[in-house]
Amino acid sequence: MHEVAVLVMDSFVPFDFAVGLDGFNWTGRYRVRVCGPKRTARCEHFELKVPHGLELLSEVDTIMIPGHDPELKVPQRVIEALRQAAARGARIASICTGAFVFAETGLLDGLRVTTHWLGAEELQARHPSVEVDPDVLYVDNGQFLTSAGAAAGLDLCLHMIRRDHGSAVAADAARLAVMPLEREGGQAQFIVTPPAAPQGAELEPVLKWMETNAARDLTLVEIAGRAGMSTRTLNRRFREQTGTTPLQWLHRARVRQAQHLLETSKDSVELIASKVGFGSATAFRDRFKRIAGTSPQSYRAAFQG
């Protein structure tokens with residue numbers, strides 16, 4: 001079973017800690033334990049008993065660093081333990097201001113990373129060798145991953161679950177978390193949204209309709225007509241409420257459906273391309289690689305079964 005350690009020190013952020021702890025437990029495929037340099041860790045509202053010391057970092061497959069006060073002085077033995085874990089190949093991920101702890105190790109030097117947008121400028125000033133992107137939900141550098149604040153930590157956990165076990169397992173975890181699986185890492189951290197309509201999210205009905213009809217050759221004009229808006233208004237509403245355009249959202253919906261078919265069926269790539277609404281296998285392969293970061297064949301080899 002995949003072993004995960006959540007590293008906590010004084011001034012930890014409770015929400016981020018809970019995300020790192022429970023985000024993986026929803027799948028039943030991870031063993032998650034808590035460790036730290038001391039046997040207690042204090043936050044603003046309570047004190048936590050820490051059952052394991054830093055030796056746990058030498059055993060686990062993944063280390064999660066929740067947010068901490070950026071002014072925390074990270075103990076040298078924590079820095080060394082993280083460096084040693086990285087040297088043996090452990091995956092390390094930070095949530096929110098956990099990136100400040102992570103960056104102290106030097107492991108992020110030369111890499112693109114993110115953190116909560118409020119702390120991005122300070123993180124960049126302290127660590128000029130790190131490229132801080134304040135406009136994304138999370139950044140995956142392979143062995144090292146970072147995420148923005150609050151709910152972006154959940155996005156990161158779901159992304160890691162998807163990497164480890166495929167989209168079907170990640171989708172189950174997302175449902176348990178009452179969390180959408182569709183948010184991409186490159187989506188903006190903060191999206192300006194108008195007041196919600198009385199019946200709920202304004203675009204929810206058209207998003208469901210697009211998902212159901214993704215295999216059809218939908219046009220922007222048809223989508224706008226379904227939403228009862230002009231194409232210009234539709235584009236603006238999509239940007240405000242989803243962070244992307246209607247056609248980009250549709251492409252991602254098609255790729256999500258294709259991922260499910262690649263994992264659960266023996267259909268050819270050409271047939272799957274047709275089933276999910278792409279005009280050609282070539283267009284499908286290109287779009288799939290841009291969104292999923294790999295080819296359909298490689299995705300199937302990694303995740304089927």
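The structure is a predicted model, in which local features need pLDDT of at least 70 and side-chain atom pairs count only at pLDDT 80 or more, while totals for chains, interfaces and linings use all residues. Residues are numbered from 1 along each chain as its sequence is written, and side-chain values use heavy atoms, with hydrogens and water left out.

The charged pairs come first. A salt bridge is taken here as a side-chain nitrogen of Lys or Arg within 4 Å of a carboxyl oxygen of Asp or Glu, and by this rule the model has 17 salt bridges. One of them joins Lys275 to Asp267, with the closest N and O atoms 2.6 Å apart; Lys275 is partly exposed at a relative accessible area of 42%, whereas Asp267 is buried at 17%.

Two further pairs lie within helices, which, like strands, are DSSP runs numbered from the N terminus (helices are H or I with at least four residues, strands are E with at least two). In helix H2 (residues 76-87), Glu80 and Arg83 are 3 residues apart and so separated by about one helical turn, and their salt bridge has its closest N and O atoms 2.9 Å apart. Glu80 is partly exposed, with a relative accessible area of 31%, and Arg83 also counts as partly exposed, at 33%. In helix H12 (residues 281-292), Asp286 and Arg290 are 4 residues apart, which again means a separation of about one helical turn, and their side chains meet in a salt bridge at 2.7 Å, N to O. Asp286 counts as partly exposed at 42% relative accessibility, while Arg290, at 54%, counts as exposed. Elsewhere, salt bridges that share partners link Glu3, Arg31, Arg33 and Glu59 into one network.

The helix packing comes next. Helix H1 (residues 14-25) packs with helix H5 (residues 151-165) at an angle of about 20°, their axes being 9 Å apart; axes are lines fitted to C-alpha atoms, for helices over the stretch in contact, and angles run from 0 to 180 degrees between N-to-C directions. H1 is therefore roughly parallel to H5, given that angles under 35 degrees count as roughly parallel, over 145 as roughly antiparallel, 65 to 115 as roughly perpendicular and the rest as oblique. The contact, meaning heavy atoms within 4.5 Å, is made by Phe15, Val19, Gly23 and Phe24 of H1 together with Ala151, Gly153, Leu154, Cys157, Met160 and Ile161 of H5.

Two loop residues complete the tour. Thr97 sits in the loop between strand E6 (91-94) and helix H3 (98-104), where Thr97 counts as buried at 11% relative accessibility. Not counting residues up to four places away in sequence, Thr97 touches Val13, Gly67, His68, Pro70 and Thr115. Gly53 is found in the loop between strand E4 (47-49) and strand E5 (62-65), and Gly53 is likewise buried, with a relative accessible area of 7%. Leaving aside neighbours within four places in sequence, Gly53 is in contact with Cys35, Gly36 and Arg39. Gly53 and Ala214, 161 residues apart in sequence, lie 50 Å apart in space, C-alpha to C-alpha.

Methods: Buried means under 20% relative accessible area, exposed over 50%, partly exposed in between (1.4 Å probe, protein chains only).
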